[in-house]
Structures are given as structure tokens and as C-alpha cells.
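Here is a friendly walk through one protein model, from its overall layout down to a few side chains. Please keep the structure open beside the text as you read.

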Amino acid sequence: MRGDGVSNRGRSVDPSDAGFAAFVAGGWGRFLWTAIVLSGDRHQGEELLQECLVKLYSRWPQVVRKGDPNAYLRRMLVNGNVSRWRRWRRELPVAQAPDRPDDRAVVQEPEDTLRQAVWELPRQQRAVIVLRYFEDLTEKDTAAVLGCSVGAVKSTHARALTKLRQVSSDLTILG
């Protein structure tokens, strides 16, 4: 469906600035949650999302014409997080670590435990868990976002769930 917008799962997406604003406003919470879980930190997740939205805005009309902006943004978040991780690996450690609060003084909520457990997964496993559970994508859609086979998604998913189950048997989200 061409014209004022392109069909996006039954909805018309407007290629104008107003369409971009509506897209961001309609999915902000979901996009932010995905970025936070991928990056493992709220502030880093916010930065990741902002960076991706700036890039998406510069390409907005083309992205709308070519397909699903949600899938495009998800892929940008995964790729952006990998890029941040690679840049971080090249940073040099400092001689003395900055002061940190005493971990015993902070009571962890179950969702904090889950977030930490997901963050400790290897990058590919974390991406599969985020896309499957937090973005609610099918195995096929997850494979398309990650650029791998459905079989790779299945095996990565199984390994990730095994690790997460070791962390806590209380987490009912993991089935």
C-alpha cells in the first residue's frame, strides 16, 4: 500500500516527521525496555535507544517505504549494542576502581535478578532472549533480525534458558 504511508502489520505508517513522532510515541516503552535489557543498564539503554532513533530519523522515509520500521529499529538496537560492547572492550582499565555502593545494602527484586542474569549471558544468547521474550518475536523473526538460521536461534535459546534456570528456578517467565 503506497501513498501517504506503507502498511505495517495492518497499520499505515506515515513517512513524514509527524509519522516518526507517532511511531516513537507509540512504541517508546517497548523500545526502551528492549534497549535496557540488551545493554544491561537503564542509562546505557536510554543512550542506545537515542542513538538508534537519531539514525532512524535520518532514514525514516526510506525505512517506511522498504518495510517494517519496528523490525528495522530492533535490528539497529541489537547492532548498536554489539558496537558499544566492542568499543567498551577496547577501553583500558584504570588502576583503581571507582567507589561502589555495598552490594549487601541493596535488596534485589526478582526482576533485578532476572535483568542481571540476562545481562550475564553471552551477547548472542542475550539477544535471542530479548527478542523472543521481551519483543515477543517468533523463532523465524528472531533469526531474520539476527541474520542467522532458525536452528541457530533454537540452540542458542536452549543454551540461554539452561543458564537462566541455573540462576533461579523461581522465574516463571522461563517456563
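## Model and overall layout

This is a predicted model, in which local features need pLDDT of at least 70 and side-chain atom pairs count only at pLDDT 80 or more, while totals for chains, interfaces and linings use all residues. Residues are numbered from 1 along each chain as its sequence is written, and side-chain values use heavy atoms, with hydrogens and water left out.

The protein chain holds 7 helices and 2 strands, and from the N terminus on the order is β-β-α-α-α-α-α-α-α. Helices (H or I, at least four residues) and strands (E, at least two) are DSSP runs, numbered from the N terminus. Of the 175 residues, 36% are buried; buried means under 20% relative accessible area, exposed means over 50%, and partly exposed lies in between (1.4 Å probe, protein chains only).

Contacts here are heavy atoms within 4.5 Å. Among the contacts with a separation of 6 or more, 62% are between residues 24 or more positions apart. The accessible surface of the protein chain is about 10900 Å², and carbon and sulfur atoms account for 52% of that surface. Accessible areas come from the Shrake-Rupley method with a 1.4 Å probe; for residues, only the protein chains shown count as cover.

## The nonpolar core

Which residues have the most contacts inside the largest nonpolar core? They are Leu 49, Leu 56, Leu 73 and Leu 77, in a core of 39 residues. Helices α1 (17–39), α2 (42–66), α3 (69–89), α4 (110–119), α5 (123–134), α6 (139–146) and α7 (150–167) each supply at least two residues of this core, and α1 gives the most, with 9 residues. A nonpolar core is a set of buried Ala, Val, Leu, Ile, Met, Phe, Trp, Tyr and Cys residues joined through side-chain atoms within 4.5 Å.

Leaving aside residues up to four places away in sequence, Leu 56 touches Phe 20, Phe 23, Val 63, Tyr 72, Leu 73 and Met 76.

In α6, the buried residues are Thr 142, Ala 143, Val 145 and Leu 146. Seen down the axis of α6, these buried residues fall within an arc of 160°, so they line one face of the helix. The arc is that of the directions from the helix axis to the C-beta atoms.

On the face turned away from the buried side, α6 carries the exposed residues Lys 140 and Ala 144. Just after α6, Gly 147 takes a positive phi of about 70°.

## Glu 135 and the salt bridges

A salt bridge is a side-chain nitrogen of Lys or Arg within 4 Å of a carboxyl oxygen of Asp or Glu, and the count comes to 3 salt bridges. Glu 135, in the loop between α5 and α6, is buried at a relative accessible area of 8%. Glu 135 pairs with Arg 30, the closest N and O atoms being 3.6 Å apart; this pair links distant parts of the chain, with Arg 30 in helix α1, 105 residues apart from Glu 135. Glu 135 also forms a salt bridge with Arg 74, where the closest N and O atoms are 3.2 Å apart, and Arg 74 sits in helix α3, 61 residues apart from Glu 135.

Arg 74 is buried, as is Glu 135, whereas Arg 30 counts as partly exposed at 34% relative accessibility. Another salt bridge joins Glu 46 and Arg 42, with the closest N and O atoms 3.1 Å apart; these two residues are 4 residues apart in helix α2, separated by about one helical turn.
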